[in-house]
Amino acid sequence: MRTPHLVCLDIDGTTVDHDGHLHDPVREAVRAVVAAGHHVTLATGRGVVGTLPVLEALGLDHGYAVCANGAITLRLDPALDAGYEVLESVTFDPAPALRVLREEFPTALVAVEEVGVGFKVSAPFPDGELDGTPRVVAFEELMAHPVTRLTIRDPDSSSEDFLARTERIGLHGVEYAVGWSAWLDITPEGVSKGAALEGVRRRLGVEPAATVAVGDQRNDLEMLRWAARGVAMANAPDEVKAAADEVTGHVDEHGLVAVLDALR
């Protein structure tokens, strides 16, 4: 058997398509890699609530999962009451960033994650964009407690405009990533998918040379650079492809399958 690898997979735009569908060839390829003795870890910007159904669909009930862009690490075990436990949850005070962002994006929607529950929001987000049942609260409540992640969303802007304005104002003491739309995720300083996955690698005792990561967005950059073999999807922005060691096919063409089949 080949040396057991740590195989790290983004969810949206990589493992599932942009409509959230998990296709059979991808499901079968993931299960075949697990059967071959490799460790498959989902590493996603989704919260815990949105990650669990994908884990179940893939049959991943042992090991680890990284959520909220690295702020949350789960240990999976069907013997646990919920099927998982939170190993790490890194939080930060959202108030300073929120005050600055409110000045620059006064009409944007705001959400903070409630781990294992869903999100508190300033106003309803477009349908299907947040996991669980979002709860509308006063703006002051969004700033009241430490959080694992802060999300800013402006349905009327483009990702390019969002990125330019975010870089112009500067954000200190946090990490941030702009998504494929006008969507900004802010996490504690030093937190990323790559940093969380390094912790998973050490727990599993996998050698650094036996790490593979596949992703498609800016929040995957650190993960792709961290892995010995970083693979970008064909649907990824150019800067993500440039950070990767190689590029595979489009998510709509099951590009992940070719990467996984090479590990069997």
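**Close-up legends for a predicted model**

**View 1. The buried face of helix α2.** In α2 of this predicted model, the buried residues are Val48, Gly50, Thr51, Val54, Leu55 and Leu58, where buried means under 20% relative accessible area, exposed over 50% and partly exposed in between, with a 1.4 Å probe and protein chains only. These buried residues line one face of the helix, because, seen down the axis of α2, they fall within an arc of 155 degrees, the arc being that of the directions from the helix axis to the C-beta atoms. An α-helix has 3.6 residues a turn, so residues three or four places apart point the same way. The cover over the buried residues of α2 includes the helix α1 (24-35) and the strands β2, β3 (63-67), β4 (72-76), β5 (84-89) and β6 (109-114). Helices (H or I, at least four residues) and strands (E, at least two) are DSSP runs, numbered from the N terminus. After α2 comes Gly59, which has a positive phi, near 75 degrees.

Residues are numbered from 1 along each chain as its sequence is written. In this predicted model, local features need pLDDT of at least 70 and side-chain atom pairs count only at pLDDT 80 or more, while totals for chains, interfaces and linings use all residues, and side-chain values use heavy atoms, with hydrogens and water left out.

View 2. Thr44 lies in the loop between β2 (39-43) and α2 (48-58), and with a relative accessibility of 1% it counts as buried. When neighbours within four places in sequence are left aside, the contacts of Thr44 (heavy atoms within 4.5 Å) are with Asp10, Ile11, Thr51, Val66, Cys67, Ala68, Asn69 and Lys193.

View 3. Most residues other than glycine have a negative phi. In Ala68, however, phi is positive, near 55 degrees, and in Asn69 phi is positive too, near 60 degrees.

**View 4. Leu74, in strand β4.** Leu74 belongs to strand β4 and, at 0% relative accessibility, counts as buried. Not counting residues up to four places away in sequence, Leu74 touches Val48, which is one of the buried residues of α2, together with Gly63, Tyr64, Ala65, Cys67, Tyr84, Glu85, Val86 and Leu87. The C-alpha atom of Leu74 is separated by 21 Å from that of Glu207, a residue 133 residues apart from Leu74 along the chain.

**View 5. The whole chain, as a setting for the close-ups.** The protein chain has nine helices and 14 strands, and its C-alpha atoms fill a box of roughly 55 × 40 × 30 Å along the principal axes. Of the 264 residues in the chain, 53% are buried. Among contacts with a separation of 6 or more, 57% join residues 24 or more positions apart. The radius of gyration, taken over C-alpha atoms, is 18 Å, which agrees with the value near 18 Å for a compact globule of 264 residues, the globule rule being 2.2 Å times the number of residues to the power 0.38.
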